[in-house]
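Hi,

Here is the structure I said I would pass on.

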Amino acid sequence: MKPKMTLKKIARELDVSISTVSKALKNNKDVSQETRDTVQAFAKFYNYRPNSIALSLKNQRTKTIGLIIPEITHHFFAKVMTGVEQTANERGYTVVIGVSNESFAKEVINMEMMVNGSVDGFMVSIAKETLLKKDYHHLNEIINQGMPIVLFDRVVEEVDCDKVIVNDRESARIATQKLVDIGRRHILLLTTLDYLGIGRERTKGYLEALDFNGIEIKDQLILKMPDNIAEERQEDVIEQHIKNLMDNNVHFDAIFGVNEMYAVAALNICRKLGLKVPDDLSIISFSNGVLSKYSRPKLTTVNQYGMQLGETVATMLIDRLEEKVDEDTFFTKVVRTNLIERESTF
C-alpha cells in the first residue's frame, strides 16, 4: 500500500518548498515546467488528494488570522488577546477568536469553521483535553496542507511549527527561591497533573529550588489538582488538603500556586482557618492577574507578560504569512517573566 501523501511530504521527498508544491499542483507558471511536471507526476503516482481542509483554502490571502484559546475569562488569555489584536490590526490583519473551553472537540470544530471561513493561519493554545488525549492530528493536518500555525503557552513537540512560551521552569524556580530566601523551608505546592506541560515544568522548577537549597522534598506538600472536578469545587479540594496537613501535624510555612486561582483560593482558606499572611506563612502566585492585585493581602506573583506574548505570537504568524522567515525552519521564542513582590511575602 502506498503511503498517504501530503503537501509537506511531497515537498520533503522532492526537496522543494511546500509553496512550490502547491503552485506546481495548480500549474502556476511561477514554477518551471520541469518542476511542475515532476511534482504532478509524483502526486499522481501516490494518489495525492487534497483533504477537506485543504479544499477549503483559498488561493488568495484573506488578511484574517485565527486565535484559539482554552478560556476567555482567564486574565492571562485576555492579555494575550489584546496583544494579538493590537499587533494584527497594526499590520492590516483581522483576528477571529475561538474558545475551546478546554475541549478537544470544540478545538477541532473551531479550527474547521475558521478554515472554512478562510483564515490564513492560526495561533493556538492547546486545550487540556487535547493534551490529555495527545491527539494533534487536526493541527498537523492543517500544517501539512501549507497553512501556518503558531502554538503558544501550551505547546507540544509533536507539532512542528513556531512556538512562543514563557520559561515556566525557571520562573517557578525563582519564585520558590524567593520563599526560601525569606526563611520559608516547608513550601506547599499547588499544581496541575503532569500531562499539562506548564504545570509539569513549574513543578520541576519548584523541585530544583528545594534541591539546590538542600530542603527535603515531601510528597505531602505537593498537591496535584485533579481535573475531574468543577472549578468552583477546587477551593474545597485545596481546603481539605490543607486541613489534612494541619490535622496530621505536617508543618508548612509557604504556598506556591502554579496559577492564580490556586493561590487566591489558598489565601482565602488560610484566612478562614485563622492563619495570617504573611506572618504565619507566605504565598506566591503565577500570573499577575486582577485577583492577585486586589486580594488582601496583595499577592506576590510571577508576571507572565501576556500582552507581550500575544504581540510576539501575532508577529511570528504574520511574518511567516508574509514570507519574511525561512519557511523550512521553525523557531521557539521565550518571553521573559519577572517576580512582582507584594504584601504576601513581606
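Let's start with a strand pair: Leu67 stands opposite Ile97 in β2. This is a predicted model, where local features need pLDDT of at least 70 and side-chain atom pairs count only at pLDDT 80 or more, while totals for chains, interfaces and linings use all residues. Residues are numbered from 1 along each chain as its sequence is written, and side-chain values use heavy atoms, leaving out hydrogens and water.

Strand β1 (residues 64-69) runs parallel to strand β2 (residues 94-99), and six bridges join them; strands pair if DSSP finds at least two bridges between them. Strands here are DSSP E runs of at least two residues, helices are H or I runs of at least four, and both are numbered from the N terminus.

Is β1 buried or exposed? Six of its six residues are buried, so β1 is largely enclosed by the rest of the structure. Buried means under 20% relative accessible area, with a 1.4 Å probe and protein chains only. Thr64, Gly66 and Ile68 cover one side, and Ile65, Leu67 and Ile69 the other.

Now the helices. α6 (residues 104-116) packs against α8 (residues 137-144) at about 20 degrees, with the axes 10 Å apart. Axes are lines fitted to C-alpha atoms over the stretch in contact, and angles run from 0 to 180 degrees between N-to-C directions. That makes α6 roughly parallel to α8 (angles under 35 degrees count as such). Phe104, Glu107, Val108, Met111 and Val115 of α6 meet His137, His138, Leu139 and Ile142 of α8, contact meaning heavy atoms within 4.5 Å.

Cheers

Note on methods: Buried means under 20% relative accessible area, exposed over 50%, partly exposed in between (1.4 Å probe, protein chains only). Angles under 35 degrees count as roughly parallel, over 145 as roughly antiparallel, 65 to 115 as roughly perpendicular and the rest as oblique.
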